[in-house]
Amino acid sequence: MRYSGNSAWIGGSSTTTAERMLDMVCERTPVLDRILAELGEVTLSGYLSSLLTEPRSPWQDRGDLVDAVAQYASPLLGSDVAGRVADELRRSPVALTANHHGVDYFAQSVQGTLLFALSKCQGSNSPPAIPIFACGNIPMNNLTYPLGMLFYAAGSSQLEAGPRKVPIFPDRHKRTMVSRAPGYDAAMIQRAIKRIDGLACQGEVGPEVADRARKLLAAEYAAPPVMSLESYSDQAVVLSHRLWKLCFAEPDAAPDVVVLELERLVA
């Protein structure tokens, strides 16, 4: 079955829930309706590859940016990852700049990172290091919630209320810019684990999700290479790299993600 635009489906009328939902989205989002009408037969990988066109020649030598990325990433992620993300920018000078800085649980930007990584992996002989330049000049309680973790409901009853927020930082940091936030400490991690325990006891978070969150906090957030960093911005760079790998069944075969604070990189 193939979408051809304006609610017309090849092989019959729209009958399934997914098709009706897509019809509703296309009615409200003309650009999506147009893309599906024009490129509905193209694979997702093919469509993503078409977006990464070679940029025009810059006014400033790109080498300056590549050097800055390598210098920023190396002390946090190691020289190997820093070298590979620099190589990727030389090969394909395109970076994702739609993200907010901080450990990312926000569904829209997580999906965007996955799609961007897929586009970067096309035609690559080995898993690349994916460059993401994230905005740090945002408060800790912004929509993506760098203040803590977001838990999305598995059922439909809580979907309208949005994701459940579990803070790691105390409330006094909610207006702090991510780029200026201090690093979290062990006491904050323990308080977050207790909050998750409470939500699990109340049935607001499922036992599997709660167990996974506790393990992430204990094994990843509290890992010495992360806890030793003084700023949350630096902690987020390392944590984003560590947690990304856990999304895949074969972590060693997955690309690396290198999330760097945009403002610091520009400076």
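Start with Lys 245, which is buried, with a relative accessible area of 16%. Buried here means under 20% relative accessible area, exposed means over 50%, and partly exposed lies in between (1.4 Å probe, protein chains only). The model is predicted: local features need pLDDT of at least 70, side-chain atom pairs count only at pLDDT 80 or more, and totals for chains, interfaces and linings use all residues. Residues are numbered from 1 along each chain as its sequence is written, and side-chain values use heavy atoms, with hydrogens and water left out.

**Stop 1: around Lys 245.** Lys 245 belongs to helix H10. Helices (H or I, at least four residues) and strands (E, at least two) are DSSP runs, numbered from the N terminus. Now select Pro 251, Ala 254, Pro 255 and Asp 256. Lys 245 touches these residues, not counting those up to four places away in sequence. Contact means heavy atoms within 4.5 Å.

**Stop 2: Ala 213.** Move to helix H8, where Ala 213 sits. Ala 213 is buried, with a relative accessible area of 3%. Then pick Asp 197. From C-alpha to C-alpha, Ala 213 and Asp 197 are 10 Å apart in space, and 16 residues apart in sequence.

**Stop 3: the largest pocket.** A pocket is an open set of points on a 1 Å grid over the protein atoms alone, with protein on both sides within 12 Å along at least five of seven lines; a cavity is a set where a 1.4 Å probe fits but cannot get out; lining residues have an atom within 4 Å of a point. Grid points are joined across faces, edges and corners, and a volume is the space filled by probe spheres set on the points. The largest pocket has a volume of about 800 Å³. Select Asp 104, Tyr 105, Val 110, Leu 216 and Cys 247, the closest to its centre of the 27 residues that line it. Next, colour H6, strand E1 (129-134), strand E2 (148-151), helix H8 (207-221), helix H10 (232-245) and strand E4 (256-261). Each of these elements gives two or more residues to the lining of the largest pocket. That lining divides into 19 nonpolar, 6 polar and 2 charged residues. Ala, Val, Leu, Ile, Met, Phe, Trp, Tyr, Cys and Pro count as nonpolar, Asp, Glu, Lys and Arg as charged, and the others, Gly among them, as polar.

**Stop 4: the second largest pocket.** Its volume is about 530 Å³. Of its 19 lining residues, Pro 58, Arg 62, Leu 65, Pro 93 and Phe 133 are the closest to the centre. Helix H4 (62-77) and helix H11 (262-266) each supply at least two lining residues. H4 gives the most, with 4 residues. The lining of the second largest pocket holds 13 nonpolar, 2 polar and 4 charged residues.

**Stop 5: the cavity.** The whole structure has 1 cavity of 30 Å³ or more. About 40 Å³ of space lies in the largest cavity. Among the residues that line it are Val 103, Ile 168, Phe 169, Tyr 184 and Tyr 232. The lining of the largest cavity has 8 nonpolar residues, 1 polar and no charged.

**Stop 6: H3 against H6.** Select residues 44-51 and 107-121. Helices H3 and H6 pack at an angle of about 80°, with their axes 9 Å apart. Leu 44, Ser 45 and Leu 48 of H3 meet Leu 115, Leu 118 and Ser 119 of H6 in this contact.

Key
Axes are lines fitted to C-alpha atoms, for helices over the stretch in contact, and angles run from 0 to 180 degrees between N-to-C directions.
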